[in-house]
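I opened the structure to check a handful of sites one by one. These are my notes, in the order I took them.

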Amino acid sequence: MPGEKLSFPGRNYLFAPGPTHIPNEVLTSMMVPQEDHRAPDFPQLVKPLLADLNKIFKTRKGQSFIFPATGTAGWEIALANTMSPGDKVLTSRFGQFSHLWFDLANRIGLDVELVDVPWGEGVPVMEFKKRLRADKQHKIKAVIACHNENATGVTSDIEALGRAKKDLKHPALLMVDGVSSIASIDFRMDEWGVDVAVSGSQKGFMLPAGMALLCFSPRALAARKKAKCARCFLDIQDHINTNKDGFFPYTPSVPMLRGLRASIDLLLGEGLQNVFDRHYRLAEGVRRAVRAWGLKPCAASPKWYSDTVTAIMAPPSVNAAEVIHIAYHRYNVSLGAGLSKVAGKVFRIGHLGDNNEVRMLAALGGLEMAMRDAGMRVKAGSGVGAAVDYYRSTAKKIPAFKAAKAPKETRAKKKSARRRR
Ligand SMILES: Cc1ncc(COP(=O)(O)O)c(C=O)c1O
């Protein structure tokens with residue numbers, strides 16, 4: 001049948017680093033009859049949603065935007081609304097996603113200065129600082145950085161980059177791709193001096209794909225007035241005009257807005273710091289498993305380790321794509337594939353979004369079986385065991401167990417049975 005899915009018993013274990021597992025609260029919030037997006041009470045949904053989105057970006061001064069699009073459109077929204085054709089921007093490339101944003105910047109007519117970095121490392125803050133210092137005439141209008149390179153499992157130090165720019169008093173806008181970091185690992189728009197933050201719905205926000213979530217600082221908002229890059233559907237001005245009254249410039253996807261409401265409620269209800277701590281702990285269990293298997297992450301050193309995704313290097317004799325194939329077809333576990341330069345060389349475990357210890361053990365167990373099936377010499381239970389030990393040793397404190405007292409009659413019966421004996 002067209003569109004037929006492979007049928008497996010049980011739920012698919014989705015461990016791609018986005019899209020991620022959607023929690024029940026979010027799923028059920030989206031199952032609503034179509035609503036009137038011009039109804040007088042519609043702003044009661046939209047206005048608090050935009051205000052609460054600012055809390056996720058950690059900004060008081062910025063303005064959040066919701067577009068019915070994906071993270072890729074978010075990159076274009078960031079640049080097209082602040083830059084003019086021929087403007088110089090500085091960026092670096094160390095994975096498929098930093099490459100794609102670089103490529104998009106070129107294609108919309110910007111003059112892109114690129115620093116190529118080995119895959120497995122991240123934003124070269126010192127090199128950027130050197131180039132910004134040399135740019136006495138402030139020709140560089142934007143510094144573009146990928147916070148979490150999803151292809152290699154590398155997180156960059158955006159705080160250090162913001163500080164470097166501030167130390168030099170360089171006026172370039174700082175634009176950050178937080179598609180696979182925001183709402184999962186720490187991100188502080190105001191404190192780090194970020195001017196445009198780009199995110200998407202299908203990762204830490206635990207929603208289906210289809211929503212680009214952005215935040216612009218006052219400096220970035222001001223830049224739109226001079227920016228000459230062509231834009232129409234992606235123009236934030238139309239959102240500014242309509243969002244202030246709680247509406248959108250076109251028909252919004254209301255179920256997605258309802259889902260975003262539920263997602264933000266979950267994130268703020270858990271507490272952002274608790275969300276970040278949970279992501280660290282789950283990621284660390286995965287890293288311990290990788291070590292126990294005798295394998296290496298793609299991230300070149302611990303300072304680059306990502307708490308949202310671990311890309312694991314397969315031994316040279318093994319095609320990582322085969323491991324992913326076996327995991328899916330035999331065990332119903334979806335892993336992230338190696339992309340571009342690392343295709344066939346890595347498999348990725350996403351540990352972002354709605355996860356807990358036991359879900360991670362499912363990913364590790366499924367991967368362990370698939371690796372053994374693909375002929376890799378990993379000991380059964382070694383990675384799972386290492387993660388079990390780590391999760392147990394860092395488990396949350398719970399009240400001591402007290403056995404319930406047996407009901408009176410049972411105690412009386414036991415007593416008379418003892419007497420009879
Ligand atoms: C870091 C990063 N940036 C951007 C994107 C592109 O987002 P989308 O696929 O939603 O367009 C992705 C997608 O995986 C990503 O991981």
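Contact, in these notes, means heavy atoms within 4.5 Å. I am working on a predicted model.

**Entry: K244**

I started with K244, which sits in the loop between α9 and α10 (254-270). I looked up its contacts, leaving aside neighbours within four places in sequence, and got K47 and H239. Is K244 buried or exposed? It counts as exposed, because its relative accessible area is 56% and the cut-off for exposed is over 50%.

Next I looked at the polar atoms. The side chain of K244 makes a polar contact with the side chain of D245, at 3.3 Å. A polar atom of the K244 side chain also lies 3.2 Å from the backbone oxygen of N241. K244 and P43 are 201 residues apart along the chain, yet their C-alpha atoms are 9.1 Å apart in space.

**Entry: helix α9**

I moved to α9, residues 236-243. Which of its residues are buried? I found I236, H239, I240 and N243. Viewed down the axis of α9, the buried residues fall within an arc of 100°, so they line one face of the helix.

**Entry: K55**

I turned to α2, the helix that holds K55. K55 counts as partly exposed because its relative accessibility is 45%, and that class runs between 20% and 50%. The K55 side chain makes a polar contact with the side chain of D52, at 2.9 Å. Leaving aside neighbours within four places in sequence, I found K55 in contact with L268 and L272. I also checked K55 against R188: they are 133 residues apart in sequence and 9.6 Å apart in space, C-alpha to C-alpha.

I read off the buried ones as G71, A73, G74, W75, I77, A78, L79 and A80.

An N or O atom in the T70 side chain is 2.6 Å from one. A backbone N or O atom of G71 lies 2.9 Å from a ligand oxygen. The K203 side chain has an N or O atom 2.6 Å from a ligand oxygen. On its own, the ligand has 390 Å² of accessible area, and the protein covers 87% of that.

**Entry: T20**

K203 came up again when I checked T20. A polar atom of the T20 side chain lies 3.0 Å from the backbone oxygen of K203. I placed T20 in the loop between β1 (13-15) and α1 (24-30). It counts as buried because its relative accessibility is 4%, and buried means under 20%. Beyond neighbours within four places in sequence, I found T20 in contact with L14, Q202, K203, M206 and L352.

**Entry: S98**

Is S98 buried or exposed? It is buried, at 4% relative accessibility. Its side chain reaches the backbone nitrogen of F94 at 2.9 Å. A polar atom of the S98 side chain also lies 3.1 Å from the backbone oxygen of G95. Leaving aside neighbours within four places in sequence, I listed S92, R93, C146 and E149 as contacts of S98.

Key: Residues numbered from 1 in each chain as written. Predicted model: local features only at pLDDT ≥ 70, side-chain atom pairs only at ≥ 80, totals over all residues. Heavy atoms only, no water. Polar contact = N/O pair within 3.5 Å; in protein donor to acceptor, adjacent residues only side chain to side chain. Areas by Shrake-Rupley, 256 points an atom, 1.4 Å probe, with all protein chains shown as cover. Buried < 20%, exposed > 50% of the residue type's maximum accessible area, 1.4 Å probe, protein only. Helix = DSSP H or I, 4+ residues; strand = E, 2+ residues; numbered from the N terminus. Arc of directions from axis to C-beta.
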